Amino acid sequence: MTPYRIETERLVVRCYDPEDAPLLKDAVDRSLDHLRPWMPWTPDQPEPLDDVYERLRDFRAQYDRDENHIMGVFAPDESRLLGGTGLHPRQGEGGLEIGYWIAADATGRGYATELAGVLTRVGFACFEIDRVEIRVDPANERSERVPQKLGFTKEATLRRRLPSKSGSDLRDANIWAMFRSALAGSPAEQYDYTAYDALGRALP
Ligand SMILES: CC(C)(COP(=O)(O)OP(=O)(O)OC[C@H]1O[C@@H](n2cnc3c(N)ncnc32)[C@H](O)[C@@H]1OP(=O)(O)O)[C@@H](O)C(=O)NCCC(=O)NCCS
């Protein structure tokens, strides 16, 4: 069952709606220098609102077709976007990859660790997968701490595997993974949440 909305005490993690465009634009515009080294999609300049709006229409369509679950991370009253995340099918069958970014002024509060812990649980609860992956540039020390703290295992370093902003200069990737059998007793299991379908019904 596809989770459309996930709530924790501090966060709402949900599929984007096109009307979130002003909140997403605001969060990214305020974070350009912070995101640029690590997120290949970071624009060089603030993007026009209409471009962000069109992207969110596309994200929403992909979500509804269960092609890619890209989500926004909101404050509980949804007045602010704190970051972005998702459960992505891009690493092949049987697995989902969690990606994440946190707005510059919302870092250092444990949000990335919390949302990655919650999405690990949601991934195993809502989808028939055996593996959750997180891929991190070894130079991204802050991000490396996230899977490490959640009990993921570092499996390998793949050379020149992460897309870069220029498109040509690929970056190395540390592959962190957790298998379904390792969730019980892991630090990730401690992150509580409630997930809802699109009709607002709580998912088991
Ligand atoms: C990496 C990122 C997601 C971390 O978000 P966050 O919400 O601040 O992360 P958390 O607060 O959950 O925890 C991060 C850990 O990094 C540590 N940390 C904070 N600043 C750090 C620094 N300058 N260097 C190394 N570690 C640092 C924190 O102490 C914490 O570890 P600890 O709890 O063991 O002390 C955020 O900085 C970000 O969005 N960066 C740009 C985009 C990006 O890199 N995305 C990830 C791509 S794989």
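Predicted model: local features only at pLDDT ≥ 70, side-chain atom pairs only at ≥ 80, totals over all residues.
Stop 1: Select the strands. Nine of them, 9 strands in an open sheet, run in the order S7-S8-S6-S5-S4-S3-S2-S1-S9, with mixed pairing. Now pick out the edges: strand S7 (153-162) and strand S9 (194-196) each pair on one side only. Neighbouring strands are turned by 25° against each other on average, direction ignored.

**Stop 2: S5 and S6.** Select S5 with strand S6 (residues 131-136). The two pair in the parallel sense over 3 bridges. Click leucine 96; its bridge partner in S6 is valine 132.

**Stop 3: a helix on the sheet.** Select helix H3 (residues 49-64). H3 lies across strand S2 (12-15) and strand S3 (69-74). Its direction is about 120° to that of S3.

**Stop 4: the ligand.** The shell holds 20 residues, of which Ile102, Gly108, Thr113, Arg145 and Lys149 come nearest. By class, 8 are nonpolar, 7 polar and 5 charged.

- Arginine 145 places a polar side-chain atom 2.3 Å from a ligand oxygen.
- Asparagine 140 has a polar side-chain atom 2.7 Å from an oxygen atom of the ligand.
- Tyrosine 100 uses a polar backbone atom, 3.0 Å from a ligand nitrogen.

Alone, the ligand exposes 960 Å², and the protein buries 73% of that.

Finally, colour the shell by element. Helix H2 (32-35), strand S5 (95-102), helix H4 (111-126) and helix H5 (141-150) each give two or more residues. Which element gives the most to the shell? H5 does, with 4 residues.

Technical notes: Residues numbered from 1 in each chain as written. Heavy atoms only, no water. Near = heavy atom within 4 Å. Polar contact = N/O pair within 3.5 Å; in protein donor to acceptor, adjacent residues only side chain to side chain. Areas by Shrake-Rupley, 256 points an atom, 1.4 Å probe, with all protein chains shown as cover. Nonpolar A, V, L, I, M, F, W, Y, C, P; charged D, E, K, R; others polar. Pairing = 2+ DSSP bridges. Axes fitted to C-alpha atoms, helices over the stretch in contact; angles between N-to-C directions. Contact = heavy atoms within 4.5 Å.
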